[in-house]
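User: I am new to reading protein models and would like a close look at one part. Could you walk me through a charged pair and how it sits in the chain?

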Amino acid sequence: MTNRYPPISAKCPHILHGGDYNPEQWQNTSEIWDEDIRLMKEAGVNTATVGVFSWVSLEPEEGKFTFGWLDTIMDKFAENGIYAVMATPSGARPAWLTRKYPEVSRVRGDRIRNHHGVRENHCFTSPVYREKTRIINTKLAQRYKDHPALILWHISNEYCGECHCDMCQDAFRAFLRRKYNDDLDALNQAWWTAFWSHTYTDWSQLESPSSIGETSIHGLTLDWRRFVTHQTIDFMRSEIDAVRKVTPDIPVTTNMHGSGFHLDYHRFVPCMDVIAWDAYPRWHSPCGDAEIAAEAAMIYDMCRAMKGGRPFMLMESVPSLTNWQHVNKLKRPGMHRLSSLQAVAHGSDTVQYFQWRMGRGSCEKFHGAVLDHSGRSDTRVFKDVAALGNELATLDAVIGTTSKAQTALIVDIENSWAIDAMAALGRENRKYRETVISHYRAFWKMGVPVDVIDQTYDISSYKLVVAPMLYMLRPGFSEKVDRFVAAGGTFITTYWSGLVDENDLTFVGGFPGGRLRKVLGIWNEETDAIHPGESNSVTISASMPGMKGSYKAAELFALIHTETAKVRATLASDFYAGRPALTSNTYGKGTAWYIASRNEQAFQDDFYANLITTLELDRALDADLPAGVSANLRTDGKRDFLFVMNFGNAPASVNLGDNSYTDLLTGTSAMAVLSLAPYAVHILTRVRK
Ligand code: GLA
């Protein structure tokens with residue numbers, strides 16, 4: 001079986017290496033542009049992202065366009081073998097636009113309209129803003145449609161935020177009328193509005209949630225967040241339409257980002273030809289790089305899974321340090337190479353940065369870049385980037401390969417919104433993101449590929465589906481789980497799962513709701529939250545090979561009764577001592593597990609290690625991976641590329657089992673035991689047997 005995706009652009013069938021380039025900031029000293037090009041070539045840069053925030057430099061007055069500087073840059077690119085990822089500039093707008101059309105500025109939740117300034121400060125509904133972006137996007141597309149340097153559209157920049165203006169309120173009401181088929185009773189029922197006398201008696205009464213108004217109707221909060229995603233996509237589509245009309249063959253993407261899951265990015269996927277992510281992991285945090293690496297890996301596995309395995313783009317990363325983290329620590333020697341190749345290991349066909357050259361002023365002047373204020377190429381950072389650029393140039397064979405996962409981890413953004421909105425458990429102990437990462441980490445440690453998906457994806461081809469804290473069941477998901485397990489799949493969920501439906505209405509008749517209760521064979525009667533510092537423990541029964549006698553548990557406990565499930569571990573103390581902590585239920589040809597308490601990482605590690613063995617899940621490498629070492633496999637079905645990476649700060653070694661691998665970078669045969677210096681990456685290749 002060969003499974004190789006085409007390169008992102010046939011014009012540049014190499015790993016794309018480059019980043020955001022803002023030459024318009026240097027127009028007064030434009031001799032620097034030639035120096036930029038010279039140094040880009042020295043750094044092995046084959047792509048630059050232009051135009052992200054260039055609107056005012058492209059249209060300084062309404063209807064007056066100044067493309068000259070960009071023409072020069074694009075031509076310089078073409079003459080020097082550099083390709084352009086061209087952004088549409090909607091992320092920040094010229095002041096003239098706000099002055100003339102004040103309605104384009106966002107209105108906040110407290111109903112105050114923002115002044116002009118910063119960026120991502122525009123209304124997604126405003127017809128004027130849509131028209132102005134349509135015009136500039138069309139002009140850009142017309143101008144560069146035949147330019148040899150153009151390879152990709154970068155639509156806007158990190159779409160985010162929301163607007164509560166009157167136009168958005170109208171659009172929200174229209175969205176709701178469509179969603180509830182013009183049936184206000186259906187909306188009232190879905191939102192449980194008889195509570196506190198909140199029943200709506202006319203559509204005109206509906207308004208977005210507000211810090212000075214409605215925050216108590218969780219169905220409203222959820223539908224508002226859905227609307228914000230919907231409206232952002234609608235705006236993005238209008239941007240894409242403008243460039244597609246002129247350049248139907250140039251692929252489009254938008255750079256997704258962040259840790260808060262503010263938009264439901266899965267819904268963006270159909271509009272994008274390639275997924276792009278901006279990654280800023282907090283390397284060298286006190287928790288250690290291995291912890292951070294697993295978090296980054298989980299996001300990359302989401303990006304790869306979004307298009308069924310198609311390689312994605314690491315659109316932004318920093319070659320040195322950010323300027324906005326709590327503590328902006330320099331990347332230690334070796335980390336730049338390691339963190340960049342980590343993205344490639346998980347399926348990125350690019351390594352791109354924010355940004356090429358540090359600006360001299362404004363709020364990002366101290367944000368890391370390939371070139372710092374010295375402008376020199378003999379800096380540590382530049383040399384790291386150039387060395388990596390040279391290596392990436394030798395990785396053409398990796399392009400288009402992918403990782404095939406037999407495990408899916410459900411990380412559901414709507415579910416995370418519902419968990420954020422609810423009033424239950426405790427303020428500090430919800431930790432949906434931390435929980436899914438903790439489950440993911442167990443697979444990462446074992447080098448088991450995982451697809452990170454949400455409830456709307458097809459799960460039928462996986463062997464194992466893990467869905468921690470699945471508080472909200474989206475329509476049809478529990479039925480999918482039922483079919484999946486009945487057909488032989490293994491499903492795992494935890495405490496605080498199956499409590500509410502897609503409207504945040506609780507299930508009645510006993511948790512977990514939908515088909516989950518039957519599939520899991522348990523009833524979750526109550527859930528306890530305990531204070532920080534308090535703990536319990538889980539006592540493992542003899543029938544769980546590979547698990548030790550007991551594990552620490554804290555924070556959240558589902559008090560459950562088995563119905564058809566078998567108890568595999570029990571809680572050790574408190575008034576619920578002896579109650580099930582872990583159950584398994586044979587259902588059809590498969591098994592469904594329920595983890596009733598929030599357990600220390602070692603529980604996840606041992607429990608999943610056990611399952612990985614029992615289910616014979618494919619691993620990137622069948623070897624013990626020392627702490628901090630991760631292994632990832634990309635393949636086209638015929639040739640494997642094994643990335644072995646040491647995120648630990650001590651040397652490590654990995655027994656490859658045989659010596660059939662060749663080191664892709666050196667071309668030498670790999671030893672049967674691979675020695676990994678701290679932050680080392682080895683890319684090994686072999687033909688599949
Ligand atoms: C984001 C933006 C960039 C830049 C970087 C700084 O990712 O897209 O324009 O501001 O952050 O880290």
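Analyst: Let's start with Glu 207 and Arg 111, which form a salt bridge whose closest N and O atoms are 2.9 Å apart. A salt bridge here is a side-chain nitrogen of Lys or Arg within 4 Å of a carboxyl oxygen of Asp or Glu. Side chains of opposite charge can pair when their charged atoms come close. Glu 207 sits in the loop between helix 7 (184-191) and helix 8 (218-246), and Arg 111 in the loop between helix 4 (95-100) and helix 5 (127-144), so this pair ties together parts that are 96 residues apart in sequence. Helices (H or I, at least four residues) and strands (E, at least two) are DSSP runs, numbered from the N terminus.

A word on the source: this is a predicted model, in which local features need pLDDT of at least 70 and side-chain atom pairs count only at pLDDT 80 or more, while totals for chains, interfaces and linings use all residues. Residues are numbered from 1 along each chain as its sequence is written, and side-chain values use heavy atoms, with hydrogens and water left out.

Now, how open are the two partners? Glu 207 is partly exposed at 40% relative accessibility, and Arg 111 is also partly exposed, at 26%. For these words, buried means under 20% relative accessible area, exposed over 50%, and partly exposed in between (1.4 Å probe, protein chains only).

Asp 636 forms a salt bridge with Arg 4, with the closest N and O atoms 3.0 Å apart. Asp 636 lies in the loop between strand 21 (629-635) and strand 22 (639-646), and Arg 4 in the segment before strand 1 (16-20), so the pair ties together parts that are 632 residues apart in sequence. Here Asp 636 is buried, at 8% relative accessibility, whereas Arg 4 is partly exposed at 36%.

A further salt bridge joins the side chains of Asp 658 and Arg 686 (3.3 Å, N to O). Asp 658 is in the loop between strand 23 (652-655) and strand 24 (662-663) and Arg 686 in strand 26 (residues 681-687), so that pair links parts 28 residues apart in sequence. Asp 658 is partly exposed at 23%, and Arg 686 is partly exposed at 21%.

Some residues are linked in a network of salt bridges, including Lys 179, Asp 223, Arg 226 and Asp 264.
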